[in-house]
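Take a look at the model below.

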Amino acid sequence: MPDWVEPVARYVIQEGLPGTLRVSAIAVVGSGLLGLVLGTLLTIKFLPLQGLIRFYIEIFRGLPILVTVFIVFFGLPSVSRSLEFDALTAASIALVLWGSAQVAEATRGAVQSIPREQHEAASALGFGWVGRHGFVILPQALRRLLPPFVSLLVNIIQNSTLAQVIGGLELLEAGKRQNERLAAFPPIGLGEIHAFEIFAGVAVLFFLISFPLTRLAVYLERRLV
Amino acid sequence: MLLAYDLGAFVSDNRAELLDAFLNTLKVSGFAIAGALVIGAVLGAARAHRIPVVSQLTAVYVEVIRNTPILVQIFMIFYGLPQLGIVFDQFTVAWLSVMVWGGAFNSENFRAGFQAVSYRYREAGYALGFSSFSTFLNVTLPIGGRIALPSSINTYISVVKNTSLMYVIGYAELTTTSLNISNLTLQTTEALTVLAIVYLVLVWTLSASIRLLESRLALPESQ
């Protein structure tokens with residue numbers, strides 16, 4: 001293997017991968033929690049609340065995620081100084097806004113697919129709205145939500161590359177920096193272009209992470225639904 | 001904030017540029033959607049009818065595209081391919097990358113649509129003396145195409161949204177242009193508002209068209 005490969009690979013894995021994992025982890029946990037709450041609230045027949053959540057879902061599912069990233073990164077600081085975030089955090093927030101809209105829509109469907117008798121039985125046992133949903137309805141709905149949730153995880157991991165556009169250090173940005181370093185003239189770089197190998201390597205890393213998850217989603221879909 | 005928020009001034013001062021940019025977004029989307037439609041129908045048919053070699057190659061193509069970020073795909077085409085002597089201008093990279101992406105997803109949409117066409121319809125075609133190709137053209141394509149329509153329009157919506165990623169290669173579509181203007185005039189909030197409104201109107205219109213087409217093109221027996 002040529003000499004330039006090892007330092008490039010080390011930088012991409014050591015500096016880039018943690019960024020990708022951090023953004024993905026925050027985004028998936030945040031989307032899951034917020035989406036479950038919003039989706040469950042959406043099943044309450046109270047028009048103003050339904051309208052508000054619908055609006056949220058349609059906005060963040062409709063916007064290109066990159067535009068949401070820009071709104072969080074460039075737009076929010078001009079509203080208030082306290083809303084200034086670093087690139088990785090801004091990307092995570094944008095992905096939570098998008099992901100929670102996806103999860104909310106899926107949760108609404110899953111909650112509504114639980115038979116009415118389950119609600120009635122839980123009420124008969126003396127559960128209030130929160131207890132009924134927390135202990136009876138949502139645990140059953142979660143089973144149905146598992147396959148779309150794994151697909152969402154794959155989407156989030158891939159869309160975490162959007163942090164690169166605003167300069168966040170994740171896999172793609174790490175690859176891009178190494179590409180630019182190698183292209184620089186000696187003694188800084190080699191004066192060689194290795195863009196093809198580097199970005200192919202980044203693509204392979206994403207594939208290795210995503211492919212097993214995609215298969216898992218298909219498997220869960222067959223087994224659980 | 002340096003300037004008071006003035007959306008009207010932002011739009012009217014930069015009317016010509018923004019309109020050009022919007023048309024570029026439509027042009028890239030149009031090229032990519034047309035290409036994705038052809039790729040999807042042809043490769044979807046190959047998958048549904050298990051045509052040897054083509055079917056397996058399509059499966060690989062779909063998995064590669066689905067499991068790698070589109071931004072990495074754009075980088076491969078824009079920065080990677082020139083190393084192999086394949087150089088495209090920005091416009092070509094723009095429509096090509098979203099077309100390749102949309103084509104992969106669309107071939108899955110069409111595969112599912114064609115597979116949903118009941119075998120007895122095709123049998124009827126063969127019984128009338130149609131060759132297998134004309135059976136596909138006259139029976140499977142019109143029926144399966146209708147079944148695939150809603151999910152394929154969803155793919156086209158994603159294609160339109162993904163044209164915003166051409167910001168990274170500096171192609172003057174809506175996102176790039178609007179943000180470039182705001183870099184000069186410091187009207188970031190206005191630029192973001194324009195982007196949000198235009199994309200939402202585009203996406204919402206397309207989603208509404210799904211519902212309309214679904215009811216108008218629904219198969220008679222499913223009503």
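## Two helices in chain B

At roughly what angle do the axes of helix H2 of chain B and helix H5 of chain B cross? They cross at roughly 40°, and the axes come within 6 Å. Here H2 covers residues 15-48 and H5 covers residues 90-115. Axes are lines fitted to C-alpha atoms, for helices over the stretch in contact, and angles run from 0 to 180 degrees between N-to-C directions. Helices are DSSP runs of H or I with at least four residues, strands are runs of E with at least two, and both are numbered from the N terminus.

The crossing of H2(B) and H5(B) is right-handed. By class, their contact has 17 nonpolar, nine polar and two charged residues. (Ala, Val, Leu, Ile, Met, Phe, Trp, Tyr, Cys and Pro count as nonpolar; Asp, Glu, Lys and Arg count as charged; the others, Gly among them, count as polar.) As for handedness, a crossing is left-handed if the near helix is turned anticlockwise from the far one by less than a right angle, and right-handed if clockwise.

## How to read the model

This is a predicted model: local features need pLDDT of at least 70, side-chain atom pairs count only at pLDDT 80 or more, and totals for chains, interfaces and linings use all residues. Residues are numbered from 1 along each chain as its sequence is written, while chains are lettered from A and ligands numbered from 1 in the order in which they are written.

## Chain A as a whole

Chain A has eight helices and zero strands. Its C-alpha trace spans about 75 × 45 × 25 Å along the principal axes. The chain has 225 residues, and 44% of them count as buried. Buried means 20 or more other C-beta atoms within 10 Å of the residue's own; exposed means 12 or fewer; partly exposed lies in between; C-beta atoms are placed from the backbone.

Now take the contacts in chain A with a separation of 6 or more. Residues 24 or more positions apart account for 76% of them. Two residues are in contact if their C-beta atoms, placed from the backbone, lie within 7 Å.

## Where the chains meet

The contact takes 31 residues from chain A and 30 residues from chain B. On the side of chain A that touches chain B, the elements that give two or more residues are H2 (47-62), H3 (65-79), H6 (129-159), H7 (171-183) and H8 (195-224). H8(A) gives the most, with eleven residues. By class, this side has 21 nonpolar, ten polar and no charged residues.

One helix pair links the two chains. The axes of H3(A) and H9(B), residues 188-217, come within 9 Å and cross at roughly 150°. The two helices are therefore roughly antiparallel to each other. Angles over 145 degrees count as roughly antiparallel, under 35 as roughly parallel, 65 to 115 as roughly perpendicular and the rest as oblique. This crossing is left-handed. Residues of H3(A), including A:Phe70 and A:Phe74, meet residues of H9(B), including B:Leu192 and B:Tyr199. By class, the contact has eight nonpolar, four polar and no charged residues.

## Inside the core

The largest nonpolar core has 114 residues. A nonpolar core is a set of buried Ala, Val, Leu, Ile, Met, Phe, Trp, Tyr and Cys residues joined through C-beta atoms within 7 Å. A:Val69, A:Ala91, A:Ala94, A:Val202 and B:Ile74 touch the most other members. H4(A) gives the most to this core, with 16 residues. Leaving aside neighbours within four places in sequence, A:Ala94 is in contact with A:Ile65, A:Thr68, A:Val69 and A:Val72.

Is A:Ala110 buried or exposed? A:Ala110 counts as buried because 24 C-beta neighbours lie inside 10 Å. This residue sits in H4(A), residues 87-112. Not counting residues up to four places away in sequence, A:Ala110 touches A:Ala141, A:Arg144 and A:Leu145. A:Ala110 and A:Arg144 are 34 residues apart in sequence, and 6.3 Å apart in space, C-alpha to C-alpha.

A cis peptide bond joins A:Pro186 and A:Pro187, with omega about 10°. A:Pro187 lies in the loop between H7 and H8 of chain A.

B:Arg50 is not a glycine, yet its phi is positive, about 50°. B:Arg50 lies in the loop between H2 and H3 (54-66) of chain B. With 9 C-beta neighbours inside 10 Å, B:Arg50 counts as exposed. B:Leu186 also has a positive phi, near 65°. B:Leu186 lies in the loop between H8 (174-185) and H9 of chain B. With 13 C-beta neighbours inside 10 Å, B:Leu186 counts as partly exposed.
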